[in-house]
Amino acid sequence: MRPESDKSVSTPTQCHAITRFRDFCTTFQNLDMGIETLPPEILSRIIALLDFNSRVRLGLSCKSVHASLIAVLWSAPSIPSHPPESFSIASSEISRSNTWSRKPVPIVNELLNRYGRNVRSLTIPDLCESLLDLHALSLSYSLSGLYALDLSHCAPYTVGDNQVLSFLSNCPMLFSLCLDDCLNVSDYSLFAIARHPNAQHFHTISLRRCIEITDFGISTLVAALPRLSILNLRCIPSLSEDSIFAIAKHCQNIRSLDIADCDGSTDNTLAAIATGCTKLTSLDLSECMFVTPEGLVQFSNLRNSSIVQSPQPFENLKLNMLGHAICDESLTSLLPAPYSFNILPFTHSLTLEITDAHISAFFIKYLTNNYPNSFESLTLSKVLLSDIPDEVLPLDYIPDEVVQVFCDFLKCQTRVKYLNLSDSHYLVNDEICLCIANCLPMLESLDVSGCSFITDVGMVSIANKLKRLVDVNLKGCSQIGDASVTAFVNNQRMIRKEKRSSYLFPESTGIRVFNVGLCENVTDDGLKSLAGLFAGSGLSTLKVSGCFKITDQAIDYLYDTISGNTDEDLDHYMSDLTLEPDEDPSRIEGRDSLMHRRDSLIHRRDSQIKRRDSRMRPSSGKYLHLLCLSGCFNITDRSISRLIPLLSHLESLNVYACPAVTDMTVIALAENCPRLASLVLSKCSVGDKGAMALSVGCQRLHTLYVAYLLPVNGQVGLGDEAIAAILSRCRQLKLLDISRNDVVTDRPFANAGQVSMQVLILKACPRLRVQGLLEFVNHARRVQSVDVTGCVGMTLKEKEMLRECIDEKSF
């Protein structure tokens, strides 16, 4: 039994693992022994290094190996956010039938009943009732071996105390719990965690934006979890200093603490953390407005003086939007020089985020001298060097001194993978881009949006030299044009070509996110070149908002590329076989041979196109999840409605201010994009017909903008019937904007029943009345805002009554 190697092996490690596995198989065959005689832990490690296809073939060999394989496959599963095309339980292979869409709940239940005891980590994103019953899952005893549970991607009001209590009671080995954005979770869940049988070993708790939690719940929780290492309390408005003091008192082993946007983060609490949490290496103080420079300096001094045994600097430090708290003294105290304060030389990767602040050239030089090759992730967004006096701004250039200092810093940071310099207008130009291209070979994510001094010269150098880029954001770089876009695409083509013959770029996956919004010099030629990213790297996000020079011609070219109808390769084949019209008759024999060769090449190329279509057409466009065309007012229905059927996995579409987009495009979306969750149609020519189709085909919508619609058959805005259909069928809708609607009344809102709406924008709707909206607010349990600005059919007193009703529900 020897599984064959697979073409999908993508790393040298996997290739080496398969080679070693072959040697194992050969040895055991020679000794008349089976691979099942290997110790389980060794066999599991071998299986973990194999690719998916090799695992499947190995699992078909014998029952004992299959049992070990199942334990590896289900050690950390993740229930998909959207139904896959199918899942075959018997062989664990993905097929192309529609089994999942027919019976999603029985399949998930059977999977959990069969393999649940092997599940150690479970993530449940984007949960909906039609896919899985969360309450029934929480009561299931099949997950008794669960170690880590992540419910952060569920709908905001889906997870409550009942579900958390059920999971805790049925998962006695749990030690990691993520409840981010679970708005219904309150102190009762924290009390249950504190009484959990495994509370002494709890390692990770994340409660970001759990707005119902109070100081009492946090104090009780941290007092019962002595080994807590990671705690996230970001954006919990009710937390005060008492919670932070309790953390400092009880969480002596904590290593990562996120208290961003919490009013309890003050100078006093920072001092308590410095003396109590002595092992802290990751701290997020973003948007803590009560922190001062003196408080940061005091925190650093206490922390360095309280640690006795080889203190280490922060590995992760986020200081976004702290205003005047960011200065040279506070930054250098938070990042002390190695060997000072008994700090050991730094050997790990640092993450530093500074946003909306003034820093000096002295601090940049300080990092250059004391932290070479230390940063893996660096964010200097909306940063202005204080060396440039405010009175001389704005400038039409960057001072040479600033450029030189920043270049020197980048030259000694070769390990950076994520670089964010967005809106740092006076920090980035072509010379900085050239330095990035030459000095940051590991870079995967680059954000230079809003840096208007960058031109095609600097960006082409980045595109030609950086081979690992996955995320590129060039929004607002007004001097960038088609040359930069084409350079990125050509670089990706070169990488794919070299990867076919070697493992030169084993970790390069190609560009997945590309944003050239507000780059007015990008034209049809640039978008045509981007078509090469679809079939190659699996482009998932494309934003060209504000590129008003893009027309239907570019969209048609995207369609031809995704569908496999381009003849560029055929033209390349035929370029050397063209016959001259005045060719010598004596060469007739050679001419016939040449024509025969031409016909042979045409036949071979046609066969290749057919094979490519059958292989790529279903998948070339499915990776695109987000498409933004806002402001591209030259695009019409003819091209975009033709492209949409190829984008079956589209989740977000923005065609704001595209007046030629009509009901035809919306109907195409309803028929071909069932996963659509966010749609912007404001200032388009959309009417009731398109809205009715949308309510039937796109029932997973959670964000819909249909404001300021252009007249359709003399009607401005959607009518009552269309609004009622959207409210009744799109039950997951959270935000709806129908501003500037002359025909809608309050009738569809009065009859909406129980809805999950949170934000409703009804600006300038003259026929609205307060009675129907009051009924809507009473039925919408989670409504947070109803904007009726400019609704002349309502008096000021009625608007105040509506606002008070919403405030009462909030409390």
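**Entry 1: terms and ground rules**

Helices (H or I, at least four residues) and strands (E, at least two) are DSSP runs, numbered from the N terminus. I am working on a predicted model, in which local features need pLDDT of at least 70 and side-chain atom pairs count only at pLDDT 80 or more, while totals for chains, interfaces and linings use all residues. Residues are numbered from 1 along each chain as its sequence is written, and side-chain values use heavy atoms, with hydrogens and water left out.

**Entry 2: a positive phi**

I looked up Met321, which sits in the loop between strand 8 (316–320) and helix 14 (328–334). Its phi is near 55°, a positive value in a residue other than glycine. I noted the background: most residues other than glycine have a negative phi. Is Met321 buried or exposed, or partly exposed? Met321 is partly exposed, at a relative accessible area of 40%; buried means under 20% relative accessible area, exposed over 50%, and partly exposed in between, with a 1.4 Å probe and protein chains only.

I then turned to Ala764, in the loop between strand 21 (759–761) and helix 30 (770–779). Ala764 is not a glycine, yet has a positive phi of about 55°. With a relative accessible area of 26%, Ala764 is partly exposed.

**Entry 3: the chain as a whole**

I took the totals next. The chain has 31 helices and 22 strands. Of its 811 residues, 52% are buried. The accessible surface is about 36300 Å², and carbon and sulfur atoms hold 52% of this area; the areas come from the Shrake-Rupley method with a 1.4 Å probe, and for residues only the protein chains shown count as cover. Among contacts (heavy atoms within 4.5 Å) with a separation of 6 or more, 79% join residues 24 or more positions apart.

**Entry 4: strands that pair**

Two strands pair if DSSP finds at least two bridges between them.

- Strand 7 (residues 282–284) pairs with strand 8 in the parallel sense over three bridges, and Leu283 has Leu317 of strand 8 as its bridge partner.
- Strand 8 pairs with strand 9 in the parallel sense over five bridges, with Leu319 opposite Ile354 in strand 9.
- Strand 9 (residues 350–359) pairs with strand 10 in the parallel sense over nine bridges, and His358 has Leu384 in strand 10 as its bridge partner.
- Strand 10 pairs with strand 11 (residues 418–420) in the parallel sense over three bridges; the partner of Ser377 in strand 11 is Tyr418.

Why do I call strand 10 (residues 375–385) largely enclosed by the rest of the structure? Nine of its eleven residues are buried, so the rest of the structure largely encloses it. Strand 9, helix 15 (residues 361–370) and strand 10 form a right-handed β-α-β unit. A crossover is right-handed if, with the strands pointing away from the viewer, the path from the first strand over the helix to the second runs clockwise.

Ser424 is buried, at 0% relative accessible area. Leaving out residues up to four places away in sequence, Ser424 touches Leu380, Ser381, Lys382, Val383 and Cys451.

**Entry 5: nonpolar cores**

A nonpolar core is a set of buried Ala, Val, Leu, Ile, Met, Phe, Trp, Tyr and Cys residues joined through side-chain atoms within 4.5 Å. Which residues have the most contacts inside the largest core? They are Leu207 and Phe749, in a core of 207 residues. Helix 16 (residues 400–411) gives the most to this core, with seven residues. A second, separate core has seven residues, among them Leu43, Leu50, Leu58 and Val65.

I also listed the buried residues of helix 26 (residues 663–672): Asp663, Thr665, Val666, Ala668, Leu669 and Ala670. Their cover includes helix 25 (637–643), strand 17 (652–654), strand 18 (678–680) and helix 27 (688–697).

**Entry 6: cysteines**

How many disulfides does the structure hold? I found zero; a disulfide is a pair of cysteine sulfur atoms within 2.5 Å. The sulfur of Cys547 has its closest cysteine sulfur in Cys632, 5.8 Å away, which is too far for a bond. Cys547 is buried, with a relative accessible area of 0%. Cys698 is in no disulfide either, as the nearest cysteine sulfur, in Cys673, is 6.5 Å away. Cys698 counts as buried, at 0% relative accessibility.
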